[in-house]
Amino acid sequence: MVWKENCLYSDFADYTSYHEMLKAACHSLSPLQQNLLKFSLALRSYSATVQAFQQIAADEPPPKGCTLFFAVHGDKTCEFELLGNLLQGASERPKPFLFKGDHKYPVSNPESPVVILYAEIGSEEFYRNHKKLVLKAEAGEITYVLRHYIANPSKEKVYLSGYGVELAIKSTEYKAKDDTQVKGTDVNATVIGENDPVDEVQGFLFGKLRQLYPDLTEELKELRKHLVESTNEMAPLKVWQLQDLSFQSAARILTAPPVDALMVMKDLSQNFPTMARAITKTVVSSELRAEIEENQKYFKGTLGLQPGDSALFINGLLIDLDTQDIFSLIDVLRNEARVMEGLHSLGIEGLSLHNVLKLNIQPSDSDYAVDIRSSAISWINNLEVDSRYNSWPSNVQELLRPTFPGVIRQIRKNFHNFVLIVDPVHETTAELLNVAEMFFSNHIPLRIGLVFVVNDSEDVDALQDPGVALLRTYNYVAQEMDNNYAFQTVMSIYNKVKTGDQLKVEHVVSVLEKQYPYVEINSILGIDSAYDQNRKAARGYYEQTGVGPLPVVLFNGMPFQKDQLDPDDLETVTMHKILETTSIFQRAVYLGELSNDQDVVEYIMNQPNVVPRINSRILMSDREYLDLTGMSNFYVDDFARFTTLDSKDKTSAVANSMTYLTKKGMSSKEIYDDSFVRPVTFWIVGDFDKPSGRQLLYDAIKHQKSSNNVRIGMINNPSNDPNSQNTVVAKAIWAALQTQTSNNAKNFITKMAKEETAKALEAGADILEFAVGGMDINIFKEAFESPKVDFILSHAVYCRDVLKLKKGQRAVISNGRIIGPLEDAEMFNQDDFHLLENIILKTSGQKIKSQIQQLGFEEDLASDLVMRVDALLSAQPKGEARIEYHYFEERYSAVKLRPKEGETYFDVVAIVDPVTRDAQRLAPLLLVLNQLINMNLRVFMNCQSRLSDMPLKSFYRYVLEPEISFTADNNFAQGPIAKFLDMPQSPLFTLNLNTPESWMVESVRTPYDLDNIYLVEVDNVVAAEYELEYLLLEGHCYDITTGQPPRGLQFTLGTTTTPVIVDTIVMANLGYFQLKANPGAWTLRLRKGRSEDIYRIYSHDGTDSPPEASEVSVVLNNFKSKIIKVKVQKKLDMMNEDLLSDGTSENESGFWESLKWGFTGGQKNEDVKQDKDDVLNIFSVASGHLYERFLRIMMLSVLKHTKTPLKFWFLKNYLSPTFKRNKELK
């Protein structure tokens, strides 16, 4: 299969250029990474990236006559000397959009103008300009971005790999073969034939014989044909011969030496129809059969695999053979290699490495809850006390009574607690309170609580503030009557507010005057009101819990997502939550964890997911981690050397120099006790000579007093250039850590973090006044007064270059995870540290600690290792959990290949039936992996018994090479192709390609009918060439208002210069849409006309532009599938419009416009005569030369018998190259 690609040529031979580039790349790559690079190059997996940059450059467009050019905020030049002119006015022009795959020079000033260099890497001109741009970037003048660009690309096409070719035996129950004689071929890609110079068949070297006896060519051809036919006997097998074919194939594979077993499996599965008869003679041992059947019980019970199913696991990760293509597999291998080599560099090897790797430490999706036992919450009902619930049973055992599915149990216990935290003036508050009232009035078993968050300043006149007026009215009525009556009064007030209006003081006053005509309004609402309960407490509770922007709805303390707060959704989600939590309570009652005399709310609030405060910054799923795998011997006390290090070594130097605070002063420098391995490490980053930095440190130390799992390190990030006046506290902290015992240092630093200490120091107090008992004053003083402040300078550079913080900004680094930068006024207190520790311990800390303790490291080293391993494992992309498989028997039924000793290895397990389609693909894949990676491979046979039909009726080739191959003259070989040699002559074959899902492939050159290949009638070879024509962009679209696909909505895909290149329509089935594209950067838009008039794009996911961006940018820069999700919304003035109704037609013609004319006839007015442009559309599908002949006959017949203009539509992918080249069709 070929593909159009821009190739890079040089004066050197291909072989020399290739190896020089590898040599340059491999300076920073391990042997494993080098192999993966070679494999990626052989797959041409980066060709799509190069082509994408070429398309982006073409869209600029490039200035004429330039081999490279610079783009600065929309302006372009070919000359470096003119760059200064473009930079002068750059700040007034918008910055260009940078893509995720852009090559950005690491040292740059984010505020500086962006200079994009489009150039051919490796050329002398590129090298000269690159050096100049690097100097400017390092000086902070520009942000330097490089995009690959070839001014004069080659037209030559390249051969791709990573796909399968199937030659299936076709049923001959009906005629499908065309009798037309095929004339010669001009195809250069062999698919079926023999070009081997040796050409050995049953010991005869026919290549040599043809050279020795050229006059006997025909006779040799007949002899060869006879030998092939006798070897590849395909006479039908008896039913009794078929029954054990799967077990017999496994026995044949397992009798081969382990090094050859994979090759035997490949040959057997890929050529099974011709090898089946020979396999029937194989004897299956009882031990093999028994072991396979025993393993199958485990496969079914644990992995859900039936006999005959297949699975592939790499380090416990399931690789889905049906959905994951080879390009996705490379990503898995590359990521696994990074993690394994990181663990290896940390000193974890062999089986220990795989035990650590298989720990399931993915960030937890469990919902955290806040404590709802607060006096700030006003409860309007109580299921356990209120008389209205007297008829309900009160025993928790009622939960175990059988009921119909979906029935909500009415029990007098506060199992379900529903809290609304609202701003009374907010426009959604009335709707949310209506939902609460609906629950209450319909006797839904919910305890409902209210928190009104209003102005909490001292003197507030409620006659001027409607929110405070509502709160005081609620409090007054609650005191006079009860909370329930007060809630009804609030609902009466909101009933006065018209839809779309905001709550006003008049609405409150009118209801209050009506219900309490004799009460003076000012006494209730005035500044001196006595009904101010919970006004400050409510805001305090809201801020302390950190539950996010108002409104907030809590269910048993867990906040609902923002998209669930729509009134219609809220009702459904709440009812679902009630049913969901009921099953949790049922289990608790059944296990005896919850009894009748326990307080249910206390039980709920004592669960491990309940925390004092929820911080969205901590819980967010998008997390950034430091690379802590560096094990260098660098330190921060040599600033000159520190500045020369890369990010990884800078982090290593900071970690090496860190001295930690721990509870009770336990430190490996004084006491060794492995029970004090601390799985949580906090690095507190801030300016400790400023109040905000000290407060962050003080809160961390306060939290540490209640936890023995934590150790604290400090990184100073000065707000200004360091000098002796503005680094007093930072130097004192550093000096104490370096010179004092851990306990004394901790007590001293706690003093330093207090504000009164800082004020006293500013007033001129001596630092030694704050020394704590037991400190060695002399050594401390010497260290404190030392002029050497390299550590401060190093920390400042580290914060700027690695942590990407501005001067003085704060952050918290927890086990390598960067939380920050924190905003100046952002609260991060003791409760946040508690939540952070809780999450680390729950997801990763304890699991990693138990594994590290088994390795026998000392305490500080072990704590360090937990931190480093956590950062490494947690930084992995979130995916499926790794699967454990320790229980397979492998003595008789598994192919085993052991890894090379002393090297990092992949643990690969395959489960396969050797006579299935999966085996045809899996065997060649494992052979290639065996050349790429060091692996501990086990292939378990999962055979089917009592077969009644031939399990495989096709020949198969998987096109895959581990490395690029070269010709004898050191040029690139033509490329990988699929060859079917020595095929039986008598069957009728059909050729199919199995390509990645996003590839749109068509045959472009062959005179033969690939649907009906009959080798008896072929004189030479059957050859076919396919071409990758497009990469498909797929997606799903939904209307957020209805939740349904917007049927008939049209999208277009284009570029800046050409807005519409292709278009598509959204299907009713799952809102699916599909667009043909090629590598590059594309813009997805709603099509002009009714689609754009009625709808707007609300949000999008999986794209390359920010979710809130109005223009949807999509970058295709690899061969993998790209699936996006688009949500649309009707415009406010178009809510009642129907997209498919008659309206203004789309103002651009296209495929779907043509369909409309074909199906509807266009205009509807009866008095309009038939338009001369009316066209009859005829859709046809034909596959194979015979049906294409029928199609031509049909077309000719229709053309002769109709006067209406015709338009024929064909599915191009199914047509043969011969039909497409027919000039009469063009």
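# Exercises: burial, packing and backbone

Glu769 is exposed, with a relative accessible area of 55% (exposed means over 50%, buried under 20% and partly exposed in between, with a 1.4 Å probe and protein chains only). The model is predicted, so local features need pLDDT of at least 70 and side-chain atom pairs count only at pLDDT 80 or more, while totals for chains, interfaces and linings use all residues. Residues are numbered from 1 along each chain as its sequence is written, and side-chain values use heavy atoms, leaving out hydrogens and water.

## Exercise 1: a loop residue

Find where Glu769 sits, and give the distance between its C-alpha atom and that of Thr757.

Solution. Start with the elements on either side: Glu769 belongs to the loop between α29 and α30. Helices are DSSP runs of H or I with at least four residues, strands are E runs of at least two, and both are numbered from the N terminus.

## Exercise 2: a helix and its cover

Decide whether helix α28 (residues 742–752) is largely enclosed or largely open, and list what covers it.

Solution. First count: 8 of the 11 residues of α28 are buried, so the helix is largely enclosed by the rest of the structure. Next, name them: Ser742, Asn744, Ala745, Lys746, Phe748, Ile749, Thr750 and Met752. Last, look for contacts (heavy atoms within 4.5 Å). The cover of these buried residues includes β22 (661–662), β24 (710–716), and the helices α26 (691–704), α27 (728–739), α29 (755–762) and α30 (777–784).

## Exercise 3: two crossing helices

Describe how α10 (residues 258–270) and α11 (residues 272–279) meet.

Solution. Two packed helices are described by the angle and the distance between their axes. Here the axes come within 6 Å and cross at roughly 110°. That makes α10 roughly perpendicular to α11 (65 to 115 degrees; under 35 is roughly parallel, over 145 roughly antiparallel and the rest oblique). The axes are lines fitted to C-alpha atoms, for helices over the stretch in contact, and angles run from 0 to 180 degrees between N-to-C directions. On the α10 side, Asp267, Leu268, Ser269 and Gln270 take part, meeting Phe272, Met275 and Ile279 of α11.

## Exercise 4: the nonpolar core

Which residues of the largest nonpolar core touch the most other members?

Solution. A nonpolar core is a set of buried Ala, Val, Leu, Ile, Met, Phe, Trp, Tyr and Cys residues joined through side-chain atoms within 4.5 Å. Among the 104 residues of the largest one, the answer is Leu343, Val869, Phe906, Leu926 and Val939. Helix α13 (residues 326–345) gives the largest share of this core, 10 residues. Now follow Leu343: leaving aside residues up to four places away in sequence, Leu343 touches Ile348, Leu353, Val356, Leu357, Val869, Leu872 and Leu873. A second, separate core of 75 residues includes Phe780, Phe833, Leu836 and Ile839.

## Exercise 5: backbone exceptions

Most residues other than glycine have a negative phi, and most peptide bonds are trans. Examine the backbone at Pro61, His73 and Arg946.

Solution. Begin with the bond from Glu60 to Pro61, which is cis, with omega near -15°; Pro61 lies in the loop between α3 (47–58) and β2 (69–72). Continue to His73, whose phi is positive, near 50°, in the loop between β2 and β3 (75–77). His73 is buried, with a relative accessible area of 6%. Finish with Arg946, where phi is about 55°. Arg946 is exposed at 68% relative accessible area, in the loop between β29 (935–941) and β30 (954–959).
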